[in-house]
Amino acid sequence: MRVWLDQFRVVLFDLDGVLYVGGAALPGAAETVAACRAAGAAVFFVTNNSYLPAAAVAVRLQALGVPAAADEVITSAEAAASRVVAYRVRRVLVLGGPGLKGAIEATGAQLVAPEPLAPPLGPGSAAPPAPVPRSVPDAVVLGLDPSATYYSLAAAGRAVLRGARFLLTNGDVTLPTGQGLLPGAGALGAAVAAMTGVSPEVCGKPEAAMAEVVRARTKGAGPVLVVGDRLDTDIAFAGRHGWAAALVLSGVTAAADLPGAPYAPHVVVADLPALLALP
Ligand SMILES: [Mg+2]
């Protein structure tokens, strides 16, 4: 008889380190999602990774054997887009993948191109300063952007220095991949923050913008459980917004990391099969 897990009406699953690692499903992924649904819970997949559109994330989950609909996927791109709407931003410089660009475009805001910049050193350095571009962005939205360059980050920083609002999809400084750690959106944001002295408004887990997107999507239903592998994003997300949290140790967190965490999870389990086995 499973009592603890079955009490929740909404279950928010993190993806990387919880349902899959790299390109492979983790044990118990499909079974745990199915068990939550069978118990009557609404299931959502909530990720700080803004790169892929929600529909593409759903397809990826389906390929791993986890039935998922596009409207059950919530990414930090939607959290950033909700802020673009709230601030009535008209022109946005987006550094990010197709998921972020699509989400910002869907708000009705205009996406502006980074201003063209001459190389700072070498022959181009003698060129006269570039004129201020006609389409000055009201906001910079920065996400995971594998095609970011010195120049795109420079354009983002220059827009922030001219007064553009600085929104960051998520603060994760690393991106765990099959080839080890790569820089996350937070690392790119840190470069712009260092250049400008301006701290970004972070939109993804554990921040308020993401929680507002979740509440809108779930119509405020509860009780809510967050299942995640990161203390600073998933477990803090639950702690800050009054939700229960289950930490799985199948991702980036080890049991030794628990002391000193700002928010303690309600349960700590090795993996999803252990969560499913809780009485
Ligand atoms: Mg994770």
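Tutor: R88 is found in the loop that runs between α3 and β6 (91-95), where helices (H or I, at least four residues) and strands (E, at least two) are DSSP runs numbered from the N terminus. This is a predicted model, in which local features need pLDDT of at least 70 and side-chain atom pairs count only at pLDDT 80 or more, while totals for chains, interfaces and linings use all residues. Residues are numbered from 1 along each chain as its sequence is written, and side-chain values use heavy atoms, with hydrogens and water left out.

Student: What makes the phi of R88 worth a remark?

Tutor: Most residues other than glycine have a negative phi, and most peptide bonds are trans. R88 is a residue other than glycine, and its phi is positive, near 50 degrees.

Student: Which peptide bond that ends at P206 is cis?

Tutor: The bond joining K205 and P206 is cis, with omega about 5 degrees, and P206 sits in the loop between β12 (201-202) and α7. A cis bond also runs from G222 to P223, with omega near 0 degrees; P223 belongs to the loop between α7 and β13 (224-228).

Student: Why is α3 called roughly perpendicular to α7?

Tutor: Helix α3 (residues 76-86) and helix α7 (residues 208-218) pack at about 100 degrees, with their axes 8 Å apart. The axes are lines fitted to C-alpha atoms, for helices over the stretch in contact, and the angles run from 0 to 180 degrees between N-to-C directions. Angles under 35 degrees count as roughly parallel, over 145 as roughly antiparallel, 65 to 115 as roughly perpendicular and the rest as oblique, and therefore α3 is roughly perpendicular to α7.

Student: Which residues of α3 and α7 meet?

Tutor: With contact meaning heavy atoms within 4.5 Å, S76, E78, A79, S82 and R83 of α3 meet A208, A209, M210, E212, V213 and R217 of α7.

Student: How do you know that the chain has domain 1 and domain 2?

Tutor: The bounds come from an automatic or database domain assignment, which gives domain 1 (5-76 + 206-276) and domain 2 (78-115 + 135-202). Their C-alpha centres lie 24 Å apart, and the contact takes 21 residues from domain 1 and 19 residues from domain 2.
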